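Please work through the following exercises with the sequence and the 3D view open, and try each task before reading its solution.

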Amino acid sequence: MKFYDPNGETYGIPTYPRRLAPEGLATRRQLRALGLRPGGQDVAAQILWHGRRDPLTRVRPVRAAYLYRIDLAAPVRPMTPGRARAVAAMMRARRTCPDCLVTYPYVIPTSLGCCPACAGHPAALAA
């Protein structure tokens, strides 16, 4: 079976194909759903699988997801008032146009570098 290396002889760490990882291991996203975080522990294992084929090169890349032990995971740190203020300030900076200094209800596109009106974007000019 491809990508099945529970002893880590081929890939360096225990490796499993998709949906065949043992109980007690979880990805970061699965830990977050449980209200946990890796908490500084090292990667315990990995899952490898083939991604979608690139239409230009016709190559299927190998994708990886790292697994952490659930029993060593720490609880997620609670949102404090200071952290909430910091997140709000970061989001406000992402919503403020550097040219006209207007704060919009949406994040300014990084591809434009400013709001669509300042960039002369046709969609903004029609509005």
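**Exercise 1.** Which strand or helix gives the largest share of the lining of the largest pocket, and how many residues does that share hold?

Solution. The model is predicted, so local features need pLDDT of at least 70 and side-chain atom pairs count only at pLDDT 80 or more, while totals for chains, interfaces and linings use all residues. Residues are numbered from 1 along each chain as its sequence is written, and side-chain values use heavy atoms, with hydrogens and water left out.

Begin with the contributors: strand E2 (25-26), helix H1 (28-33), strand E4 (45-50) and strand E5 (62-69) each give at least two lining residues, where helices (H or I, at least four residues) and strands (E, at least two) are DSSP runs numbered from the N terminus. The largest share, 4 residues, belongs to E5.

The pocket itself holds about 390 Å³ of space, and 17 residues line it, with Thr27, Gln30, Ile47, Ala65 and Leu67 closest to its centre. On a 1 Å grid over the protein atoms alone, a pocket is an open set of points where a 1.4 Å probe fits, with protein on both sides within 12 Å along at least five of seven lines, and lining residues have an atom within 4 Å of a point.

**Exercise 2.** Work out the order of the strands in the open sheet, and name its edge strands.

Solution. The sheet has 4 strands in the order E1-E4-E5-E2, with mixed pairing; two strands pair if DSSP finds at least two bridges between them. The edge strands, each pairing on one side only, are E1 (15-16) and E2. E1 and E4 run parallel and are joined by 2 bridges, and Thr15 stands opposite Gln46 in E4.

**Exercise 3.** Is Tyr16 buried or exposed, and what kind of pair does its ring form with that of Tyr4?

Solution. Take accessibility as the opening step: Tyr16 is buried at 10% relative accessibility, whereas Tyr4, at 45%, is partly exposed (buried is under 20%, exposed over 50%, partly exposed in between, with a 1.4 Å probe and protein chains only). Next come the rings, whose centres lie 6.2 Å apart with planes at 65°, so the pair is edge-to-face; rings of Phe, Tyr and Trp (its six-membered ring) pair if their centres lie within 6.5 Å, and planes under 30 degrees apart count as stacked, over 60 as edge-to-face and the rest as tilted. Because Tyr4 lies in the segment before E1 and Tyr16 in strand E1, the pair ties together parts that are 12 residues apart in sequence.

Technical notes
Points joined across faces, edges and corners; volume = space filled by probe spheres on them.
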